[in-house]
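Reader: Hello! Could you take me on a close look at a single part of this model, with the cut-offs spelled out as you go?

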Amino acid sequence: MEFSSKLLERAVNEMAQLPGIGKRTALRLVLHLLKQPVEQSQFLTQALTAMREEIKFCKSCHNISDVEVCEICSNPSRNHKIICVVEDVRDVMAIENTNQFKGIYHVLGGKISPIDGIGPSQLTISSLVEKVRTGQTEELIFALSSTMEGDTTNFYIFKQVKDFEVKISAIARGIAVGDELEYADEVTLGRSILHRIPFENSLKNI
C-alpha cells in the first residue's frame with residue numbers, strides 16, 4: 001500500500017495494530033478522522049490518553065475501574081458472599097447486561113494456557129484463593145468460556161479451594177462448547193447463571 005504522506009502512513013500503521021483492524025480498514029478510519037473537525041480528533045486523543053494514564057484495576061476483584069475499589073465491589077446491595085469467576089472485563093460486562101447476577105466478580109486476567117506460556121502465576125488465582133481462605137465466601141461460580149483452557153483453569157482453581165467451606169458451581173452449558181462468554185446472547189447467558197450446576201457435575205461433561 002503506497003502512501004502520499006508519511007504522517008498518514010504512520011497513523012494507518014498504528015491504527016492497524018488494533019485487533020481485527022487491517023490496513024484497509026485502518027486507512028478508512030484515518031481518512032474519516034481527517035474529514036472531521038480537528039476538535040473531534042483532539043477529543044479522541046484526550047480520551048485515549050486519559051484512559052491509558054488514569055484507569056485503575058479494582059484492588060478487590062481486578063475489574064477495570066476509575067477508583068481503587070470498583071462500583072460493583074463497593075455496592076452494599078450486592079451479595080459479597082457469592083463470587084463469579086470470569087476471564088476478563090468483557091465477561092463482567094456481558095453478565096451485568098443480563099441483570100441476573102447480584103453477587104460480585106473476580107477477574108482472572110486470562111486462562112491457563114501452557115501453549116501460550118500462561119500459567120497460574122500469571123493470573124489472579126492466588127488472590128481468589130485467599131478470599132476463599134478467609135471464610136467470607138459462600139459460593140464460587142465458574143463462568144469461564146467452555147474451551148479446553150477454560151476447563152483447565154476451572155479445574156485448577158477447584159483443586160485449590162475444594163477443601164474449604166465453599167460451594168463451587170459452574171454456569172449451565174447453555175453456552176455452546178468452544179464459545180466465548182462475551183458473544184453469548186443475554187437471555188442464554190442469564191439463564192446459564194441462574195441454572196448453574198455443582199462444579200463436580202460439570203466434570204462429567206469434560
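**Around V107**

Author: Happy to! V107 touches C61, H62, N63, V86, E87, D88, V89, V92 and T124, leaving aside residues up to four places away in sequence; contact here means heavy atoms within 4.5 Å. This is a predicted model, where local features need pLDDT of at least 70, side-chain atom pairs count only at pLDDT 80 or more, and totals for chains, interfaces and linings use all residues. Residues are numbered from 1 along each chain as its sequence is written, and side-chain values use heavy atoms, with hydrogens and water left out.

V107 itself lies in strand 4 (residues 103–107); strands are DSSP runs of E with at least two residues, helices are runs of H or I with at least four, and both are numbered from the N terminus. With a relative accessibility of 5%, V107 counts as buried, a word that means under 20% relative accessible area, while exposed means over 50% and partly exposed is in between (1.4 Å probe, protein chains only). Between V107 and L123 there are 8.8 Å in space, C-alpha to C-alpha, and 16 residues in sequence.

Among the contacts of V107 is C61, which leads us to the cysteines. The whole structure holds zero disulfides, a disulfide being a pair of cysteine sulfur atoms within 2.5 Å. For C58, the closest cysteine sulfur is that of C61, and at 3.8 Å it is too far for a bond. C61 is in no disulfide either, as its nearest cysteine sulfur, in C73, is 3.6 Å away. Both cysteines are buried: C58 has a relative accessible area of 1%, and C61 has 2%.
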